[in-house]
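Dear colleague,

Please find the sequence and the structure below. My notes on them follow.

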Amino acid sequence: MKQITFLLKNRLLVLLFTAVLIAGGAVAWLHLPIDAFPDVTNTQVMILSKAPGLAAIDVEQRVSYPIEQVMRGLPRVTQVRSLSKAGLSQVVIIFEDGVDTYWTRQIVFERLSLAREQLPPGVEPELGPLSTGLGEILQYTLEGEGKSAMELRTVQDWIVAPLLKPIPGVNEVNSFGGEVKQYQVLISPEKLLKYDLTVNEVVEAVEQGNANAGGGVVVRGWEQLYMRGVGLMKDIPDIERIVLKSKDGSPVYVRDVADVVIGAEPRQGAVSRDGKGEAVAGMIIMLKGANSEDVVSRVKESIGKIQGTLPEGVKLNVFYDRTSLIEACIKTVVDALLEGGIFVILILFLFLAEFRTALIVVFSLPFTFLVSFIVMGWAGMSSNLMSLGGLAFSVGMVV
């Protein structure tokens with residue numbers, strides 16, 4: 001009774017406190033991450049290692065196993081598992097719930113230096129993207145009449161993906177389909193014997209011939225001219241003119257022992273859409289913890305600008321957009337809340353037969369939701385189908 005009496009005597013204070021809570025709840029709602037479903041992925045760090053030419057059993061024994069053994073002693077680790085395929089190793093370290101994601105990546109990266117000493121030459125392990133299984137927010141295809149699969153994949157890798165990756169909240173842009181363009185040096189064994197060369201010598205010469213070099217500074221009056229040797233290769237003739245050795249006073253070029261052609265790296269699978277032939281697809285992965293609605297909005301805005309930079313005849317068509325799913329989920333919950341509120345008003349007025357009392361109870365519903373948004377913001381929860389659905393179910397409990 002003392003508490004009730006105090007509240008009745010200090011109505012202005014109660015109203016001010018209510019106004020502060022309403023304002024805080026509104027601000028919390030505007031800043032809550034919005035998504036379709038809650039992300040229940042455990043805290044994990046993925047290590048990916050490419051091992052070209054190694055079979056699955058060799059990848060398991062020489063790459064996955066050494067990394068697993070090194071990672072088992074990390075603090076707060078609950079499980080270490082791996083998947084080994086031909087040419088690829090995937091090691092997943094799972095931590096206890098609630099562990100800071102960036103801390104886990106730091107200690108895994110520090111321990112990874114111990115594993116590098118045990119790996120085969122040329123195998124460089126790297127940390128997987130900072131994302132989760134629900135990180136796919138947008139997918140699209142590149143299509144163009146008269147454009148080859150190689151041309152479309154080149155546009156994806158060198159124009160579209162580099163423009164999408166800097167967008168805040170975007171963690172990765174994956175490419176699928178098409179043919180990855182390569183400059184291939186097809187060596188003839190007979191010509192190698194003729195000029196007394198080995199494959200390794202040709203590889204080393206091509207690597208050394210594809211680099212720029214600094215040449216110091218030349219002072220001329222008040223100016224400084226920086227000298228540089230330009231050796232980066234731009235086309236097939238540049239590769240063909242690389243000198244391998246000197247024989248009888250004459251240079252031996254790459255074109256003397258090999259054919260240089262444009263080809264595609266080996267691939268497994270393809271992408272098509274609507275039965276109209278091959279296409280190239282892109283998948284945008286969201287950064288863990290980002291607001292998917294905001295990230296999708298920024299991506300869609302950038303896609304509108306990217307359309308103008310594409311070659312003539314190439315179009316970027318979006319076929320999956322997380323926004324539509326989010327809007328459908330939010331609409332489902334909002335409709336349930338509105339319907340529940342209407343029925344609550346009718347039932348309260350029917351049983352209480354007093355409009356003022358019914359209005360007080362009805363007012364407590366949105367006020368309770370606003371306070372819940374503040375608590376959700378403190379707890380790091382997102383507004384999704386599950387959390388908002390729980391609020392819809394709580395209407396009856398509040399009444």
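Two strands pair if DSSP finds at least two bridges between them. Strands (E, at least two residues) and helices (H or I, at least four) are DSSP runs, numbered from the N terminus. This is a predicted model, in which local features need pLDDT of at least 70, side-chain atom pairs count only at pLDDT 80 or more, and totals for chains, interfaces and linings use all residues. Residues are numbered from 1 along each chain as its sequence is written, and side-chain values use heavy atoms, with hydrogens and water left out.

I begin with the strands. Strand β1 (residues 44–50) pairs with strand β3 (residues 88–95) in the antiparallel sense, over 7 bridges. Within β3, Val92 is the bridge partner of Met46. β1 also pairs in the antiparallel sense with strand β4 (residues 126–127), over 2 bridges, and there Glu126 is the bridge partner of Leu48.

Which side chains of β1 are buried? Val45, Ile47 and Ser49 point to one face and are buried (under 20% relative accessible area, with a 1.4 Å probe and protein chains only).

I turn now to the helices. Helix α10 (residues 292–306) packs against helix α11 (residues 322–352) at an angle of about 140°, and their axes are 9 Å apart. The contact (heavy atoms within 4.5 Å) involves Ser292, Glu293, Val296 and Lys300 of α10, together with Arg322, Thr323 and Ile326 of α11.

Yours sincerely,
A colleague

How values were computed. Buried < 20%, exposed > 50% of the residue type's maximum accessible area, 1.4 Å probe, protein only. Axes fitted to C-alpha atoms, helices over the stretch in contact; angles between N-to-C directions.
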